[in-house]
Amino acid sequence: DFVSLDNIPLWTPTGGGSEPSRYQRNEKLDQKISLFTGDITKLEIDAIVNAANNTLLGGGGVDGAIHRAAGPKLKMECASLCGCETGEAKITCGYGLPAKYVIHTVGPIAQGGVKEEHRKALRSCYTNSLKTATENAARSLAFPCISTGIYGYPPEQAVHEALAAVREYLEAHHDKLDRVIFCVFLPKDKELYLQNLPLYFPAG
Ligand code: ADP
């Protein structure tokens, strides 16, 4: 029940969206964006991003799902990495996953309100994951909604950091990536991405 890259449709730019876009249309970039609803551990692509914690030793949520699907070798490799700072990213093999690599990034804990340092850290998670992917020649990459679960970052704010980071990275490095997939799990997040994608990847 794996999902190959060919079966993940491209996002189709639409005129919709509630506000005028702050970006110009860039057709090169439109051909690299997907919104996928479902389980990130099923994606048969070069790399999936894990919303990990500082220990990299596994946890709940998407982290737990990735470790379960990858098997115990993933934890062994993670244990050799000496943890990961918030906002940074580290890469491992995918082991039992259909994805070749897992890029582990640690989002900010934003329970009790988003401060500027949280916003910057979340943006860094996306940018550093993209950088790590391209440094390892991974050309297709999927992101979960980092920090918006247990770590309490409001999803309606997090979506802007995710979309802006990807837009800006692709603007500068579009030759190095074939596909960036926003993998949403909750209906509410799907709505947020459908609402906000036209602001960052506009049709007109
Ligand atoms: P964090 O600790 O960074 O908040 P969580 O794992 O608690 O991470 O939540 C991050 C997001 O991952 C949430 O939107 C959650 O619904 C989603 N999620 C949980 N399981 C999966 C999965 N198997 N595939 C994709 N996304 C998932």
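**View 1. Helices H4 and H5 pack together in this predicted model**. Helix H4 spans residues 116-135. The axes of H4 and H5 lie 9 Å apart, at an angle of about 35°. Axes are lines fitted to C-alpha atoms, for helices over the stretch in contact, and angles run from 0 to 180 degrees between N-to-C directions. Helices are DSSP runs of H or I with at least four residues, strands are E runs of at least two, and both are numbered from the N terminus. Residues are numbered from 1 along each chain as its sequence is written. Local features need pLDDT of at least 70, side-chain atom pairs count only at pLDDT 80 or more, and totals for chains, interfaces and linings use all residues.

**View 2. Residues of H4 meet residues of H5**. From H4 come Arg119, Leu122, Arg123, Tyr126, Thr127, Leu130 and Thr134. H5 brings Ala158, Glu161, Ala162, Ala165, Val166, Tyr169 and His173. Contact means C-beta atoms, placed from the backbone, within 7 Å. By class, eight are nonpolar, three polar and three charged. Ala, Val, Leu, Ile, Met, Phe, Trp, Tyr, Cys and Pro count as nonpolar, Asp, Glu, Lys and Arg as charged, and the others, Gly among them, as polar.

**View 3. H5 also packs against H6**. H5 covers residues 155-173 and H6 covers residues 187-200. Their axes are 10 Å apart, at about 45°. That angle makes H5 oblique to H6 (under 35 degrees is roughly parallel, over 145 roughly antiparallel, 65 to 115 roughly perpendicular, the rest oblique). The crossing is right-handed. Among the contact residues are Pro155, Val159 and Leu163 of H5 and Leu192, Tyr193 and Tyr200 of H6. The contact of H5 with H6 has eight nonpolar, two polar and four charged residues.

**View 4. A shell of 21 residues surrounds the ligand**. The closest are Ala51, Gly61, Gly149, Tyr151 and Phe185. Helix H2 (residues 61-70) gives the largest share, four residues. The shell holds 12 nonpolar, six polar and three charged residues.

Terms used. Near = placed C-beta within 6 Å. Left-handed = near helix turned anticlockwise from the far one by under 90°. Contact = placed C-beta atoms within 7 Å.
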